[in-house]
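Hi,

Here's the structure I said I'd pass on. Have a look at it first, and then my notes on it follow below.

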Amino acid sequence: MMNEKEVNVFIKGAKNYFKTVSQLDVEIGTPYLVNSREAAVGDYTGIIGISGERKGCVFVTAPTAMLRHLVVTLGDDGSDNELVRDVIGEVANTISGNARSEFGPDFMISVPVVVEGKPQMISVPRDLMAFVIPVQWNNYSLFVVVCLE
Amino acid sequence: MKLLIVDDSLIIRKQIERELKVSGIDEIYLAVNGLDAVKKCKQYMPEIVTMDLTMPEMDGVVCVKELMKINPDIMILVISALSDKATAIQAIKNGARGFICKPFTEEDLNKAITKLLEDARKIIAK
């Protein structure tokens, strides 16, 4: 089960990502636990599997409009759906990878898997609670969801 | 000089290509994973490479070793989200000449590539 300090690693990662790429600060909502072992998702979700000393997953889920805006902020064409799909995977990869500065090299991350569309929910690993971190960037809401043993 | 950009993310490949403002890079090639990078390295013989680490098919750690076998003088800059010191040290031990962490700024990128270009020129001059 994760503790508060570990949740803060991912909050720090989200803040650092958006500040670096957009020079804008994000607002972080109060993290909460998802009791149902399932978390609601946005239009696109980038999922990173975690293995090694810790097991579980990290995913970042966001609406299409926010991702189009982010692609434009990065200097590209926001109407290109391939880039919109790609960028959510890169956000998830960067936040998860940056967590190794705290968790160490045995915090192994997978390549991102991107889920498009809006399924009702994504199941998190069985018997684990997921921390949902609400993030507000540029008036858009996205969520970083962390589920670790 | 020739630059090979290796990253499985399209948006990162485009970002590196677009933000590169240093003079002296004449040709840029792109690779989507480690296997593709080995193929492109043999084909185009780049002097400078930017290398992601977490990639499908062949990851960046293995790829750095493979590229060093093809050209021991190749200048590899690792650009990765893996921010722990051990990973950076391992990349350098394998032969990489520099490491920058994602997310990166245009300034971070250009500073690191400028340094690599200087080193590459010194090797060519020998």
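**What turned up**

Let's begin in a loop: B:Glu57 lies between E3 and helix H3 (60–70) of chain B. Helices (H or I, at least four residues) and strands (E, at least two) are DSSP runs, numbered from the N terminus. Before going on, the ground rules: this is a predicted model, where local features need pLDDT of at least 70 and side-chain atom pairs count only at pLDDT 80 or more, while totals for chains, interfaces and linings use all residues. Residues are numbered from 1 along each chain as its sequence is written, chains are lettered from A and ligands numbered from 1 in the order in which they are written, and side-chain values use heavy atoms, leaving out hydrogens and water.

Most residues other than glycine have a negative phi, and most peptide bonds are trans. B:Glu57 has a positive phi, near 70°, and is exposed at a relative accessible area of 63%. On that scale, buried is under 20% relative accessible area, exposed is over 50%, and partly exposed is in between (1.4 Å probe, protein chains only).

B:Met45 is another non-glycine with a positive phi, about 50°. You'll find B:Met45 in the loop between H2 and strand E3 (48–51) of chain B, partly exposed at 37% relative accessible area.

Then there's a cis peptide bond between B:Lys102 and B:Pro103, with omega about -5°. B:Pro103 belongs to the loop between E5 and helix H5 (106–125) of chain B.

**The sheet in chain B**

Chain B has an open sheet of 5 strands, ordered E2-E1-E3-E4-E5, with parallel pairing. (Strands pair if DSSP finds at least two bridges between them.) Its edges are strand E2 (27–31) and strand E5 (98–101) of chain B, each pairing on one side only. On average, neighbouring strands are turned by 20° against each other, direction ignored.

At one end, strand E1 (residues 2–6) of chain B pairs with E2(B) over 5 bridges in the parallel sense, and B:Ile5 has B:Leu30 as its bridge partner in E2(B).

**Helix packing in chain A**

Over in chain A, helix H1 (residues 4–22) packs with helix H3 (residues 81–98) at about 130°, their axes 8 Å apart. That makes H1(A) oblique to H3(A). Axes are lines fitted to C-alpha atoms, for helices over the stretch in contact, and angles run from 0 to 180 degrees between N-to-C directions. Angles under 35 degrees count as roughly parallel, over 145 as roughly antiparallel, 65 to 115 as roughly perpendicular and the rest as oblique.

Which residues of H3(A) meet H1(A)? They are A:Val87, A:Val91, A:Thr94, A:Ile95 and A:Asn98. A:Val91 counts as buried, at 1% relative accessibility. Beyond its neighbours within four places in sequence, A:Val91 is in contact (heavy atoms within 4.5 Å) with A:Tyr17, A:Phe18, A:Val60 and A:Leu70. A:Phe59 is 32 residues from A:Val91 in sequence, and their C-alpha atoms are 9.3 Å apart.

Cheers
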